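Q: I would like a close look at a single part of this model, with its surroundings described in order.

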Amino acid sequence: MIKKTRLNWHKKGLEVCSGVDLVFMDPDNGATESQTAKNSSKYCLPEEIVDYYNRGQNVVYYCQKARRTYEQWEEAKGLMNKYLPDCKIFVITYHKGTQRSYIFVLHKEDYRRYATLMTKFCRKWNRIFSEESFGNGKISGGSTGEKFHVVNSRGVELTIEEMEDGTVRMKRSDLPNQTTSISIDYFMDRLK
């Protein structure tokens with residue numbers, strides 16, 4: 001019975017959201033692979049995200065870290081790569097109060113546009129929002145492999161890395177869940 005009700009709800013959502021570029025899903029706890037999980041109505045299902053993605057739409061969904069361990073959180077952020085290996089994932093996280101994230105599941109051709117917008121957004125609201133990495137620090141744009149490390153007098157290490165999407169990503173050892181991302185042009189202009 002629940003399955004049929006949910007399927008009807010999803011079909012209606014597909015109908016209502018036809019023709020939009022970005023679909024926002026607002027489950028309490030992110031995505032789950034189990035329709036029988038306790039409180040499964042508080043999750044979106046990967047198959048639902050796939051349906052939007054396969055018809056050319058990008059998806060962003062709300063997700064709380066809650067009581068997940070670091071490993072469980074890494075798995076949750078990258079879940080859609082299992083279902084859509086060609087998608088690009090972009091995660092921004094709100095850090096006031098409980099940690100709340102927005103996981104973007106993007107088509108390759110749309111990634112740079114959304115990454116640029118979200119990077120600017122995170123730069124403006126950097127005390128509240130940050131871009132978050134997943135998969136051993138690899139953010140969906142991918143690294144060019146060029147990076148260097150500097151350490152200040154307090155022992156805090158800063159890693160600066162060039163990314164495929166034309167940005168520079170910076171990560172501090174004292175803020176392991178926070179990544180700062182800026183365009184290479186902006187970074188170079190600040191060095192003048």
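Q: With which residues is Asn-58 in contact, leaving aside its neighbours within four places in sequence?

A: The model is a predicted one, in which local features need pLDDT of at least 70, side-chain atom pairs count only at pLDDT 80 or more, and totals for chains, interfaces and linings use all residues. Residues are numbered from 1 along each chain as its sequence is written, and side-chain values use heavy atoms, with hydrogens and water left out.

Apart from neighbours within four places in sequence, Asn-58 is in contact with Asp-21, Leu-22, Val-23, Val-105, Leu-106, His-107, Asp-110 and Tyr-114; contact means heavy atoms within 4.5 Å. Asn-58 belongs to strand E2. Helices (H or I, at least four residues) and strands (E, at least two) are DSSP runs numbered from the N terminus. With a relative accessible area of 0%, Asn-58 is buried. Here buried means under 20% relative accessible area, exposed over 50%, and partly exposed in between, with a 1.4 Å probe and protein chains only.

E2 pairs with E4 in the antiparallel sense over six bridges; two strands pair if DSSP finds at least two bridges between them. Tyr-62 has Tyr-102 of E4 as its bridge partner. Five residues lie between the strands in the hairpin of E3 and E4, where Gly-97 takes a positive phi near 70°. E4 is mostly covered, with five of its seven residues buried.

Rings of Phe, Tyr and Trp (its six-membered ring) pair if their centres lie within 6.5 Å; planes under 30 degrees apart count as stacked, over 60 as edge-to-face and the rest as tilted. By this rule there are seven aromatic pairs. In one of them, the ring centres of Phe-24 and Tyr-102 are 6.5 Å apart and the planes stand at 35°, so the pair is tilted. Because Phe-24 lies in strand E1 (residues 22-25) and Tyr-102 in strand E4, this pair ties together parts that are 78 residues apart in sequence. Phe-24 is partly exposed at 46% relative accessibility, and Tyr-102 is partly exposed with a relative accessible area of 24%. One aromatic cluster is formed by Phe-90, Phe-104, Tyr-111 and Tyr-114.

Val-105, a contact of Asn-58, is also one of the residues with the most contacts inside the largest nonpolar core, which has 22 residues. A nonpolar core is a set of buried Ala, Val, Leu, Ile, Met, Phe, Trp, Tyr and Cys residues joined through side-chain atoms within 4.5 Å. E1, helix H2 (46-54), E2, H3, H4, E3 and E4 each supply at least two residues of the largest core, and H2 gives the most, with four. Beyond its neighbours within four places in sequence, Met-80 is in contact with Pro-46, Ile-49, Val-50, Tyr-61, Cys-87, Ile-89 and Val-105. A second, separate core of eleven residues includes Val-60, Ile-92, Phe-104 and Met-118.

Helix H3 (residues 70-77) has Trp-73, Glu-74, Ala-76 and Lys-77 as its buried residues. These cover an arc of only 160° around the axis (taken from the directions from the helix axis to the C-beta atoms), which puts them on the same side of H3. Glu-71 and Glu-75, on the other side, are exposed. The cover over the buried residues of H3 includes E2 (58-64) and E4 (100-106).
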